[in-house]
Amino acid sequence: MNIMDFNVKKLAADAGTFLSRAVQFTEEKLGQAEKTELDAHLENLLSKAECTKIWTEKIMKQTEVLLQPNPNARIEEFVYEKLDRKAPSRINNPELLGQYMIDAGTEFGPGTAYGNALIKCGETQKRIGTADRELIQTSALNFLTPLRNFIEGDYKTIAKERKLLQNKRLDLDAAKTRLKKAKAAETRASSEQELRITQSEFDRQAEITRLLLEGISSTHAHHLRCLNDFVEAQMTYYAQCYQYMLDLQKQLGSFPSNYHSNNNQTSVAPIPSASSNVIGSSALTSTSSLVITSPSNLTDLKECSGSRKARVLYDYDAANSTELSLLADEVITVFSVVGMDSDWLMGERGNQKGRVPITYLELLN
C-alpha cells in the first residue's frame, strides 16, 4: 500500500466518522436518539470552568480600560504585543498636564505667585504621571498577564479536551444506536466490539477532562494571589498620589495667593484645606461673609494699625517656621505688618507668633 492509498483510506474513515457524529447529533436535537449524560461532578466542573472563563475575560478587559482609558492606545499596545515588539513610550495625561503647567508658569514668571504655583503643580502632576506608569506596569505584570495566560493557555487546553470528549460521547452513542439496529449475529458481534472500544475511549477522555477541570480550583487560588498584588499596587499608587498632593497643598499654602498681573487685577483668596474639620452652620455662614467682606475688614485692621481678635474657621498646618499652625474654633490675636501680602496677617497665640492666611479666619468686632 503506497502513501496515497493510505491517505485516501484515512480521509474516507475520517469522513465516515464525521458523518456518523453529525447524524447522531442531529437525531439527539430532534429527540430521535438517546444521549449519554455526563456525571454530575463532571458537569459541575465544566460549568465552573466556563464561568471562570467568562468572568476572567470581563475582569481582564475592564482592568485594561481602567489602566488605559484611551481605546486607540489599547489597540496599538495589542498590535505591538502580537508582533512581539515593545510599544513606543508615550506621555500620559498627568505628565502632559504637568508639562503644560510648567511651561505656563515659566512664561508667566517663576517669581510671580501664580507662575510659581503652576510650576509646583506641574511638577506634582508629572510625579503622579510617573506613579501612574508604575501602576500600569505592575498591574500588567502581576495581574493582567496571569489572567491572560489562563484564557489563552489553560482554558484553550480545557476547551480542546472538552470538544474531544463531546466527539467521544457522540461516537459512543452512535455505536449504541448501531448495536440496537443490528440483527444479524455477525453484525451484532461487530457492533458490540465497537461499543466496547468507544466506551473505553469515552471513559479515558472523561478522566483526562476531569483532571484538567479540577485544576480550576488551583487557578482560583493563583488568581486570588494576583488580585492581592493588584490591590497592593493600587494602594501604593493612591498613597503616593495622596502624599504628593498633601505636599503640594502645603507648598501652595506658603505662597501669597494674590497674583498681580499687568493690569493689577488680583486672583481669588487661598482655599482652605480639604482635610479641615467640619464646623457648624454658623461658622460656615461666617465664612461666606468673610470671603465677601474680608477686604474691608482687612483695610479697617490696617487703618487702625492695632490688633484684633479672630476666630479660626479651619485647621491649618504651618508650611514653615514663619507660619503659625491653627486649630478650628480657637480665638487668636491678629495684626497687620507693613509689607506683608494682603492675604496674610500676623497671628499671635500666647508666646507663639507667625503668619496666618486670612481666609482661615473670621475677624471679630
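**R169**

I started with R169, which sits in helix α5. This is a predicted model, so I am reading a prediction throughout. Is R169 buried or exposed? R169 comes out at 3% relative accessibility, and since the cut-off for buried is under 20%, R169 counts as buried. Next I looked up its partners, skipping residues up to four places away in sequence: R169 touches E28, K35, T36 and F202.

**D171**

I moved along to D171, which is also placed in helix α5, the run covering residues 113-181. D171 has a relative accessible area of 13%, so I put it down as buried too. What does D171 contact once its neighbours within four places in sequence are set aside? I found T17, R21 and T198 on that list.

**The coiled-coil annotation**

I checked the UniProt record for this stretch. An unreviewed entry there lists residues 158-192 as "coiled-coil region". I then looked at what the model does with that span.

**α2 against α6**

Next I went to a helix pair. Helix α2 takes in residues 40-67 and helix α6 residues 185-213. I noted an angle of about 45° for their packing, with the axes 10 Å apart. That angle makes α2 oblique to α6. Which hand does the crossing of α2 and α6 have? I have it down as left-handed.

Then I wrote out who meets whom. From α2 the list gives H41, L42, L45, L46 and A49; from α6 it gives A206, T209, R210 and L213. By type, I get six nonpolar residues, two polar and one charged in this contact. R210 is the charged one, since Arg counts as charged.

**Whole chain**

I finished by stepping back to the protein chain. How many helices and strands are there? I have eight helices and five strands.

For burial, 35% of the 365 residues count as buried, with R169 and D171 among the buried ones I looked up. Last, I checked the contacts with a separation of 6 or more: residues 24 or more positions apart account for 67% of them.

Terms used:
Residues are numbered from 1 along each chain as its sequence is written. This is a predicted model: local features need pLDDT of at least 70, side-chain atom pairs count only at pLDDT 80 or more; totals for chains, interfaces and linings use all residues. Side-chain values use heavy atoms; hydrogens and water are left out. Helices (H or I, at least four residues) and strands (E, at least two) are DSSP runs, numbered from the N terminus. Buried means under 20% relative accessible area, exposed over 50%, partly exposed in between (1.4 Å probe, protein chains only). Contact means heavy atoms within 4.5 Å. UniProt positions are given in the numbering used here, feature names are shortened, and annotations may be inferred rather than shown by experiment. Axes are lines fitted to C-alpha atoms, for helices over the stretch in contact, and angles run from 0 to 180 degrees between N-to-C directions. Angles under 35 degrees count as roughly parallel, over 145 as roughly antiparallel, 65 to 115 as roughly perpendicular and the rest as oblique. A crossing is left-handed if the near helix is turned anticlockwise from the far one by less than a right angle, and right-handed if clockwise.
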